Amino acid sequence: MNNLSDIKKRMKVVSDTRKITGAMDTISVSKMGKAIEKSEHNAAYFETLREIISDIVLNTSSWVNPCFRKRSSSRAVYIVIASDKGLAGGYNHNICDFANELMGGKKDAQVIAVGQTVKEYFAKNQYDLFDDFCTATFEPTIEDAAEIADFIIKKFVNNLIDEAFVIYTGMKASTGIKIEQIRLLPLVHSDFCSEDDFTLQKENLMKEIYYEPSPEYVLGRLIPQYVAGIIYGCLLQAQAAEHSSRRAAMSGATKNADELLEKLKLDYNRARQTMVTSEIIDIITASSGVKNEN
């Protein structure tokens, strides 16, 4: 690329692209921080809710809540959380491939798509899309999570599904970004308390706690909140992971743009030097010709 005009145009395009990737990098860092902060607040609320349910589990002798009923069949629904947008490296591709591999051997598996990329991916692979909540990934709210939770709980209670899982990309300070799977339904006692809890705490700690009108009624009201809390936490973790992946991708793109600009500057300087040298040679040649004529 020896044409100075072409090099300057290429440098402008790369420079403009670098401005965009740099801005997206900065924005992703900011959004990632906000998502992590929301996730931490939700974790504190969720842990309190889990402790209350644990109290009720320890205090309840008969299990009448249908969300605890394990079934022999395996009609599973998978809530797969990705993104509506690209430019996030392998974020969307990795989560979809992971879910596809996980469900590959389950003929009755159904998908609830959270994110446009998930919907398009599994529709293309001819999976049974149970439903989609594509708008829930942009700015996740507890209302979005509650809507998804109510949907799957109704399907489970009405015996339309036997299991429910959520697949998402989690983000933790210790392990970084990692694709995870969480079982939502059926609930099991060990989710809330161990065998030691049953034997040691039931007779002591729980005697002072009373639930009106009954522990079973309160449990029935709390379980949708509990499931929604799990889903909301997954949505926030996925959002943080998405912004982290996009930040990494944009940071890499910005670095590549810087390297390309340096190379183009060298090409520009070399082309300019070549042009100047050529002009000097032309002047010297013309001068020598004039002298020879004289």
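**Close-up 1. Strand S1 and its pairing partners.** In this predicted model, S1 and strand S4 (residues 163-172) pair in the parallel sense over five bridges. Strands here are DSSP runs (E, at least two residues) and helices are DSSP runs too (H or I, at least four residues), numbered from the N terminus; two strands pair if DSSP finds at least two bridges between them. Ala-76 has Glu-163 as its bridge partner in S4. S1 also pairs with strand S2 (residues 110-114), in the parallel sense and over five bridges. In S2, Ala-113 stands opposite Val-80. Residues are numbered from 1 along each chain as its sequence is written, and side-chain values use heavy atoms, with hydrogens and water left out. Because the model is predicted, local features need pLDDT of at least 70 and side-chain atom pairs count only at pLDDT 80 or more, while totals for chains, interfaces and linings use all residues.

**Close-up 2. The two sides of S1.** In a regular strand the side chains alternate between the two faces of the sheet. Ala-76, Tyr-78 and Val-80 point one way from S1, and Val-77, Ile-79 and Ile-81 point the other way. Six of the six residues of S1 (residues 76-81) are buried. Buried means under 20% relative accessible area, exposed means over 50%, and partly exposed lies in between (1.4 Å probe, protein chains only).

**Close-up 3. Two aromatic pairs.** The structure holds two aromatic pairs. Rings of Phe, Tyr and Trp (its six-membered ring) pair if their centres lie within 6.5 Å; planes under 30 degrees apart count as stacked, over 60 as edge-to-face and the rest as tilted. The Tyr-78 and Phe-165 pair is stacked, because the ring centres are 5.3 Å apart and the planes are at 15°. Tyr-78 lies in S1 and Phe-165 in S4, 87 residues apart. Tyr-121 and Phe-122 form an edge-to-face pair, 5.0 Å centre to centre with 75° between the planes. Tyr-121 is buried at a relative accessible area of 19%, and Phe-122 is buried at 0%.

**Close-up 4. Ile-79 in the largest nonpolar core.** A nonpolar core is a set of buried Ala, Val, Leu, Ile, Met, Phe, Trp, Tyr and Cys residues joined through side-chain atoms within 4.5 Å. The largest one has 49 residues, of which Ile-79, Ile-152, Leu-184 and Ile-231 touch the most other members. Elements giving two or more residues to this core include S1, S2, S4 and helix H6 (215-293). H6 gives the most, with 16 residues. A second, separate core of 17 residues includes Ala-76, Cys-96, Tyr-121 and Phe-122.
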